[in-house]
Structure formats: structure tokens, C-alpha cells
Amino acid sequence: MEREPYPSDLSDEQWALTEPVIAAWKARHPSASGHQGKYAMREIVNAILYQNRTGCQWEFLPHDMPPPGAVKYYFYLWRDDGTDQTVHDLLRWQLREKGKRLADPSLIGMDAQSIHASVGVPTTTTGKDASKRVPGRKRCLAVHTLGLVIEAVVLPASAHDNAAGTALLDGVAAQTGRVEKALVDQGFKKTVVDHGKQYGIDVEIVERNPADTGFVPQAKRWIVEQTNGILMFYRRLVRDYEHRPATSRSRVFWAMTSVMVRRLTGATLASWRTV
């Protein structure tokens with residue numbers, strides 16, 4: 001008997017966008033016994049998206065979903081072999097092409113956001129952001145003008161924005177050779193500008209107008225802030241609960257996967273703020 005769907009579940013149309021990558025992965029990883037597996041891959045993906053959206057612990061996944069052990073097994077495998085990013089990137093390319101743009105952008109924005117870490121997160125992978133007084137980790141994003149993520153890096157909150165910028169540039173350059181310009185805020189310094197030159201990327205530090213008071217969006221660069229705001233709808237990302245930064249990075253890709261399949265199919269997902 002089929003279970004009742006959750007709001008975070010993929011529709012048939014959305015699963016059709018995601019399934020090719022997952023099916024290809026499954027074909028490359030056959031069971032030694034020839035068994036196809038007890039749980040449907042679609043249900044595994046739905047369970048990951050459910051947890052990302054609700055923020056629940058593994059053991060609190062609903063009983064009508066695959067058991068936590070099975071979901072964790074695939075989540076960690078896909079994190080470690082890059083399948084999570086492959087699914088994400090394929091959807092990003094489709095969404096850009098739907099907007100009549102080339103698959104890869106020429107202009108990006110970069111920013112770093114300090115996030116509180118949960119109790120139990122290893123202190124060896126966390127720190128304290130001295131300027132924002134936030135103990136935890138720093139989530140660093142490179143996005144293009146549609147607000148879609150090109151690269152994500154997770155560092156201790158004590159890391160300087162220069163470390164975030166250079167790591168993001170390395171990741172962007174490894175994925176695409178089309179980026180020509182990156183917009184950053186004043187937290188990034190000359191080190192990042194010089195690092196960008198190695199890849200032929202012009203890093204522009206967008207300075208705040210001294211006359212401005214309060215929050216004033218900066219043209220194009222503010223898109224990163226919008227993406228950070230979208231990620232806050234996914235409760236697993238509101239606070240960093242993960243023991244490994246690589247897991248936190250994977251959470252970003254799964255959240256954006258949820259966002260992009262809905263944009264591609266014209267669907268919406270209600271905000272938890274509207275309850």
C-alpha cells in the first residue's frame with residue numbers, strides 16, 4: 001500500500017528529472033548477489049529531502065519511509081562519491097538552459113555566512129567568528145545571477161573570508177572555465193583578488209556606500225544573500241548539526257536540488273513560517 005505523500009516528496013515529474021543520475025549510479029553499483037535492493041531509490045531520495053526540510057534526526061524519520069540505516073547508507077555514499085553534486089549540477093544546467101542561458105555562467109557572486117554549530121559537533125572543525133561573535137562553522141557559497149549554487153565550502157567560523165574566497169575560487173575553476181568575474185563584499189581582501197587572477201577571474205570587491213544605513217542590497221552581489229535566505233527554509237541548515245563539513249556541504253546541494261526541481265516543474269513548497 002502506498003503511503004500518504006509528504007510536502008517535501010518529489011512528484012512524478014520531479015523524480016523524472018532526478019532519476020537518470022540515480023538509476024545510472026545504481027547500474028554501476030550492482031549487488032554481488034544480484035539483488036536490486038529492498039528500498040526504492042525514489043523513497044531514499046524522498047527521505048533525504050524530508051530530513052533536510054524538517055531538520056529531524058536520523059532516528060526520527062517517519063516509519064513509513066525507509067529505515068534510518070538505509071537512508072544514511074545512501075546519503076553518505078552519494079556524499080563521498082559526488083552523486084549529490086552530480087544530481088544538483090544537472091538540474092542547475094537544465095534551469096539555466098530553460099532561461100535561455102549557457103549551462104555555465106560568466107559572472108558569480110561569493111559570500112560567507114557564519115552558522116551556529118549544534119552541541120556535539122567536533123570542536124576540531126568549528127571556531128568562533130570574532131566579528132559576528134558566532135561559534136560554529138562558516139558556510140561559503142559561489143552563486144550565479146539566478147541564485148543557483150556553483151560551489152559550496154564549509155569551514156570553521158574562525159576562518160578568514162580570504163580562506164573562504166580562495167577555496168571557492170578553486171572549486172569554481174575546477175568545475176567551469178567560463179567564469180570571468182566574481183563579486184564579493186568588503187570582508188574579502190587582496191589575497192582573493194590575486195588568487196582569482198590565477199584562473200583568469202576578475203574578483204571585484206563591491207564597497208558599501210558610506211551614506212547607506214541599514215540593509216541596502218548591492219546590485220547583483222545581493223543574490224548570494226537571497227540564496228542564503230532560501231537555504232534557511234531547510235531546517236537542517238539553520239544550525240550546523242553535522243560532524244563532518246563534507247556532510248554540511250552535501251546538505252546545501254540537496255536543499256538546492258529541492259528548490260530547482262520545483263522551479264523546473266512550476267511547483268511550490270509552503271514556507272514553515274506560514275503555518
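So, which residue lies over the face of Y234? It's R53, at 4.8 Å from the ring centre; the rule for a charge over a ring is NZ of Lys or CZ of Arg within 6 Å of the ring centre and within 35 degrees of the ring normal.

Quick housekeeping. This is a predicted model, with local features needing pLDDT of at least 70, side-chain atom pairs counting only at pLDDT 80 or more, and totals for chains, interfaces and linings using all residues. Residues are numbered from 1 along each chain as its sequence is written, and side-chain values use heavy atoms, with hydrogens and water left out.

Okay, aromatics. Rings of Phe, Tyr and Trp (its six-membered ring) pair if their centres lie within 6.5 Å, and planes under 30 degrees apart are stacked, over 60 edge-to-face, the rest tilted. That gives nine aromatic pairs. One of them is Y6 with Y50, edge-to-face, 5.0 Å centre to centre and 65 degrees between the planes. Those two sit 44 residues apart, Y6 in the segment before α1 and Y50 in helix α2. (Helices are DSSP runs of H or I, at least four residues, numbered from the N terminus.)

Buried or partly exposed? Y50 is buried at 16% relative accessible area, while Y6, at 22%, is partly exposed. Buried means under 20%, exposed over 50%, partly exposed in between, using a 1.4 Å probe and protein chains only.

Next, Y74 and W78: a tilted pair, 5.5 Å between centres, planes at 40 degrees. They're four residues apart in helix α3, so about one helical turn separates them.

Last, helix α8: 17 of its 21 residues are buried, so the rest of the structure largely encloses it.
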